[in-house]
Amino acid sequence: PNSILPLNPAGREPAGFKAYPAMTPADVVKRELDGGARLAFLDARPTSDYLVEHIAGAVSMPFYDQNPPFSALPKDTWLVCYCGCPHAESGRLAESLLKAGFERVTVLDEGLRYWKDKNYGVRKGREP
């Protein structure tokens, strides 16, 4: 994608997010998303897993991608990395983002399974 737009693009800065290597609890991320805060979800799992299910609005960005489309990501928006495990793959993606100069990077503490168990919103297929 040429540009990955954040969710709630005109929204406020999220409250309570913690920069990686600290993590942000899923309940805090969901509260801020529902409250209109500007953020973006990055799914660090393999694309095949993303297609099966992902957080609604998330963009697939596998942690092992050798040439990730970081230039398409907004620098002024919190990037919430997640995986299913709850943070081995998302932690590797977060480290790559920090090395690439992004500062507003956090990891969804409990991962996708918790998000799904709380009925916070997942979808299937290619669409974010």
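1. Let me start in the sheet: strand β1, residues 39-43, runs parallel to β3, and two bridges join them. Within that pairing, L42 sits opposite V59 of β3. Keep in mind throughout that this is a predicted model.

2. Zooming out, β1 and β3 belong to an open sheet of four strands, ordered β3-β1-β4-β5 with parallel pairing. The edge positions go to β3 (59-60) and β5 (105-107); each has a single partner strand, so one side of each is left without a neighbour in the sheet. As a reminder, strands of a sheet pair through backbone hydrogen bonds, either parallel or antiparallel.

3. For the overall layout, the protein chain has four helices and six strands. Going along the sequence, the pattern reads α-β-α-β-β-β-α-β-α-β.

4. What does α1 pack against? Its buried residues lie against β1, β4 (78-82) and α4 (111-117). The helix itself covers residues 26-34, and its buried residues are A26, V28, V29, K30, E32 and L33. I'd point out that K30 and E32 are on that buried list too. Just after α1, G36 adopts a positive phi of about 90°.

5. Is F70 buried or exposed? Its relative accessibility is 12%, and buried means under 20%, so F70 counts as buried. Setting aside neighbours within four places in sequence, F70 is in contact with M61, L93, S96, L97, A100 and F102. As for Y20, it is 50 residues from F70 in sequence, and the two C-alpha atoms are 17 Å apart in space.

6. Now the overall dimensions. Along the principal axes, the C-alpha atoms fill a box of roughly 35 × 30 × 25 Å.

7. Take the contacts between residues at least 6 apart in sequence, and 70% of them join residues at least 24 apart.

8. Last, the surface and the charges. The protein chain exposes about 6,400 Å², with carbon and sulfur atoms supplying 51% of that area. There are 16 positive and 16 negative charges, and their mean positions are 1 Å apart.

Terms used
Residues are numbered from 1 along each chain as its sequence is written. This is a predicted model: local features need pLDDT of at least 70, side-chain atom pairs count only at pLDDT 80 or more; totals for chains, interfaces and linings use all residues. Side-chain values use heavy atoms; hydrogens and water are left out. Contact means heavy atoms within 4.5 Å. Accessible areas come from the Shrake-Rupley method with a 1.4 Å probe; for residues, only the protein chains shown count as cover. Lys and Arg count as positive and Asp and Glu as negative; His and the chain ends are not counted. The place of a charge is taken as NZ of Lys, CZ of Arg, CG of Asp or CD of Glu. Two strands pair if DSSP finds at least two bridges between them. Buried means under 20% relative accessible area, exposed over 50%, partly exposed in between (1.4 Å probe, protein chains only).
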